Amino acid sequence: MSRTIKNHGREGLAVETLFSIDQIESQHLSQVGEQALQLSVFAQKGFPVLPSVVLSATRFRNFLQTIHWIEPMFADLPYSSLRLNLEDTQQLQSIARQIRQTIQHAEIPESWILEIQSAIAQFPDLGSPSAVILRPSIAFESDSFLSQELSDLIEPQICDIEINPLAIALKQLWAELFRARTLVYWQGAKIELQQIQFAVVIQPIASAIVSGSLQGAPPNWEVTATRGLNIAIARGEVLPEIYRISKDQIQFQQAGRQTIAYHIQAGAEPLTRLTLSETAPILQPQQREMLLSLAQALQFPAALDWQFYDSQLYITTVHYSNLLVNSRLDSTPPASDVAIVAGLAAAPGQAIAPAFVLTDLELPDTPIPVGSVLVTPMILPSWIPLLKYAVAIVSEQGGMTSHGAILAREMGIPAIVGAEDATKRIHTGETIIVNGNTGSVTLADQIAQISPKPTRVNRNWTATATKLMINLSQLDTIADAAEINIDGVGLLRSELMLGGTLEHIDQDELTNQIQQFARSFAPRPVFYRSLDLRSHEFQVPPVEANPMLGMRGTFSYVQNPDRFDLELAALQRAMEAGCTNLRLILPFVRTVEEFVFCRRRVEQAGLFNYAQFQLWIMAEVPSVLFLLPEYVQAGVQGICIGTSDLTQLILGVDRDQSTMAKLFDVTHPAVMNAITQLIQSAHRLNIPCSISTQAPITPELIDRWVECGIDAISVNLPVVEVAHRAIARAEQRLLLNGMRDR
């Protein structure tokens, strides 16, 4: 399609109602929505976007103006904020149903549908039979994140290309905006109806051979694949096949579970669900090579869906992602093409600033200049005061779950770890660009400024059955975290909270910090994890050859209980001062005997005198998996699965070694099976089970945990919204599957 179709509005001005996907420009955003604009950017850059036409948001406005509402409160709906009592479930469901029925029974002018049919006639033939899919494309002023999030709540519609099916599908798509869950979302986010610009992306659809997603940032990508249409993935009905792309290779990562597939058939209901018995790999060699070529052509972070029709690869949707710099994909400043240093992308974001290089772990006499990139052999937790002055961090040592990486993510500082020879290749004073999304450092050709993109957090989302909690350690993050509608602090890391004061812990200061966290989140629980000191990170004696398996966790308390007793006294004083929402988690528990020793000291400290107090353990040493009944009999009241150490010990991979990063996989079947068994065992023993993770949040990961019945998931602050959406969708899929099985 090579033109736009215009309709004359009330004032006689030409109003564009249909747009070809390859003709959209940035000024059309309010008319075509975020999804269409993103697709257009890809199409105009030469990527294989599926030919599409966009029905302007003007048509949605025109349609609402033709409806005569039965109830007076809806008489001016196009201009209404539609205030509802979100606590009255029955009223909400009733009103939502009434609005949808009114939309579905209304008439759409035949001329509108004829315009759409004329555009559809120019679509390529993807195979017979074929149909069209109508996808939402929503825009808000200067908020692409909300646009994508609301679009994700609206299910696309698939229909035949005849007049009646098209009209019914279009009204059904518009009606989806007024489902109860969607009303709750856009009212909770303080969005008024007149702010919602609702366009529709219309695409041809046929029986795809294989489909899936591609997401990541150069040079590392993840590919998911399923047979047929990826509706099966969206509905959570299959576990997709997973591949990893790194530089010039695409490698099989994980087998999926493919028992069904969706295809298109002729008739009034084009979408059909088939049962499969195939066990062969989903992606064929030629398809792998085409996906590899697509990933190599993407020189920027992206998240998109794709489909194969015969031998042709098409991009069908582009998702808004925290990885995307902006909708124009061009915000990276001018820089030399070759990275001078590369490592693991440990904390997202970009920064450009002069480097300040430390060649050893001795702090300099002069302070680190404010606004510098700190380049160092290793990030020590005792450097927390210094990190507050840095705009980015580059470290030669450390893995994705090292304390330095965790700190950087919590503090919102772009960080790269495992950057070999960084302190030799980068010199103090050089202006460098640190890309925490891709793990690369380049020299800046000119002075520029990358302003950090503020994280927009929806503070009013609806509750889920699975509790969502956050991992914290820094007082500076309390203000941002405490106002979010989360269920508490799932892990308060004491060793990072104390930072550089571990040599001489002041009980008054420790009590004060604990109280600040507890009071900020009250009455929500705050799970304080007692000190887990690893000698190489905290510079504490003795020097060990393998500190990850050395004098750490509760074994260190048995050897020297003084520091643990000091922590217990600080907790007791905080609870005595009214902070009764505190709970205690013991770290890295190896044996039941270690737990019994610690429980006695907790009892002696008087903490069990408070009815709400609970004593949990981290389930991260595999012995807990096999001995959980014995632990519960000894007094364990709950477990928190620590994915980092559990993965390390099950797979035998040192999580701090950047060279082992490819083998450190939380989604490995052995790790996932261990987590499943821990959750099931906890439920049999009637104790709660949470999980604290540093792993990238993916729908597949959350699906598995929610399906197993995890009680709570605790994540870092930057990904809390992503986790909430994944949890909500996982629970919706479970409910939907339960209804289908009836």
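**Salt bridges and a sheet**

Author: Aspartate 565 is partly exposed, with a relative accessible area of 26%. This is a predicted model. The partner of aspartate 565 is arginine 601: the two form a salt bridge, and their closest N and O atoms are 2.8 Å apart. Arginine 601 sits in helix H19 (residues 592-604) and aspartate 565 in helix H18 (residues 562-576), so this pair ties together parts that lie 36 residues apart in sequence. Arginine 601 is partly exposed too, at a relative accessible area of 22%. The cut-off matters here: buried means under 20%, so arginine 601, at 22%, does not count as buried.

Now the wider picture. The whole structure holds nine salt bridges. One of them joins arginine 59 to glutamate 115, with 3.3 Å between the closest N and O atoms. Arginine 59 belongs to helix H2 (residues 57-66) and glutamate 115 to helix H4 (residues 110-120), so the pair links parts 56 residues apart in sequence. Arginine 59 and glutamate 115 are both buried.

Next comes a pair in loops. Arginine 552 and aspartate 532 meet through their side chains in a salt bridge, 2.7 Å from N to O. Arginine 552 lies in the loop between helix H16 (535-538) and helix H17 (553-559), while aspartate 532 lies in the loop between strand S25 (526-529) and H16, so the pair ties together parts 20 residues apart in sequence. Arginine 552 is buried, and aspartate 532 is buried as well. The pair also belongs to a network: salt bridges with shared partners join Asp532, Arg552 and Asp645. Side chains of opposite charge can pair when their charged atoms come close.

Now the sheet. Eight strands make up an open sheet with mixed pairing. Their order is S15-S22-S21-S17-S18-S19-S20-S16. Strand S15 (341-342) and strand S16 (344-347) are the edge strands, and each pairs on one side only. S16 pairs with strand S20 (residues 415-417). That pairing is antiparallel and runs over three bridges. Within it, leucine 344 has valine 417 of S20 as its bridge partner. Strands of a sheet pair through backbone hydrogen bonds, either parallel or antiparallel.

Helix H11 (residues 403-411) lies across S16, strand S19 (390-395) and S20. H11 runs at about 50° to S16.

How values were computed: Residues are numbered from 1 along each chain as its sequence is written. This is a predicted model: local features need pLDDT of at least 70, side-chain atom pairs count only at pLDDT 80 or more; totals for chains, interfaces and linings use all residues. Side-chain values use heavy atoms; hydrogens and water are left out. A salt bridge is a side-chain nitrogen of Lys or Arg within 4 Å of a carboxyl oxygen of Asp or Glu. Helices (H or I, at least four residues) and strands (E, at least two) are DSSP runs, numbered from the N terminus. Buried means under 20% relative accessible area, exposed over 50%, partly exposed in between (1.4 Å probe, protein chains only). Two strands pair if DSSP finds at least two bridges between them. Contact means heavy atoms within 4.5 Å. Axes are lines fitted to C-alpha atoms, for helices over the stretch in contact, and angles run from 0 to 180 degrees between N-to-C directions.
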